[in-house]
Amino acid sequence: MNSSAIAVLVTGLLPLLCAGIAKGGAKNYDNHDPRAWMARQPGYRARAHAAEQNSLEAFPLFAVGVLMAFVAGASPETVALWAWVFVGLRLVYIYCYVADRASLRSIFWLLGLAVVIRLFAMAF
């Protein structure tokens with residue numbers, strides 16, 4: 001498995017990391033109605049859940065960008081580099097979200113979007 005494919009897999013699993021942060025260690029977690037339980041959570045749990053949702057939203061465009069770059073014949077090493085840059089940016093984004101660093105979070109979100117646009121640009 002090449003490095004880009006691993007980066008796509010890692011990115012696809014990032015929502016699980018966020019879910020673990022949102023739900024982990026909760027004494028009153030309700031697995032019978034997890035969405036209603038999550039909707040009542042304050043603070044870092046709510047922010048981790050929002051990061052989970054955003055990670056789910058960001059994944060398809062990123063994965064398609066990687067695939068399009070490959071299909072267009074872009075250098076596998078370059079695609080892998082940008083794919084891993086995206087993973088790193090998403091990890092910092094998640095940290096900023098959970099830590100309630102809203103302005104910094106927005107900067108890392110924008111940088112991640114720029115990487116996705118770069119991947120798409122490699123397809124032209």
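I started with where the lining comes from: α3 (43-71), α4 (76-98) and α5 (102-121) each give at least two residues to the lining of the largest pocket. Helices here are DSSP runs of H or I, at least four residues, numbered from the N terminus. A pocket is an open set of points on a 1 Å grid over the protein atoms alone, where a 1.4 Å probe fits, with protein on both sides within 12 Å along at least five of seven lines; lining residues have an atom within 4 Å of a point.

Housekeeping: this is a predicted model, with local features needing pLDDT of at least 70 and side-chain atom pairs pLDDT 80 or more, while totals for chains, interfaces and linings use all residues. Numbering runs from 1 along each chain as its sequence is written, and side-chain values use heavy atoms, without hydrogens and water.

I looked up the lining, and Glu57, Arg90 and Trp109 are among its residues.

Next I checked arginine 90, which lies in helix α4. Arginine 90 is buried but has no salt bridge, and glutamate 57, the nearest side chain of opposite charge, is 7.5 Å away. Buried is under 20% relative accessible area (1.4 Å probe, protein chains only); a salt bridge needs a side-chain nitrogen of Lys or Arg within 4 Å of a carboxyl oxygen of Asp or Glu. Lys and Arg count as positive, Asp and Glu as negative, with His and the chain ends not counted.

Last stop was alanine 83, also placed in helix α4. Alanine 83 is buried, at 0% relative accessible area. Alanine 7 is 76 residues from alanine 83 in sequence, yet 5.9 Å away C-alpha to C-alpha.

Terms used. Buried means under 20% relative accessible area, exposed over 50%, partly exposed in between (1.4 Å probe, protein chains only).
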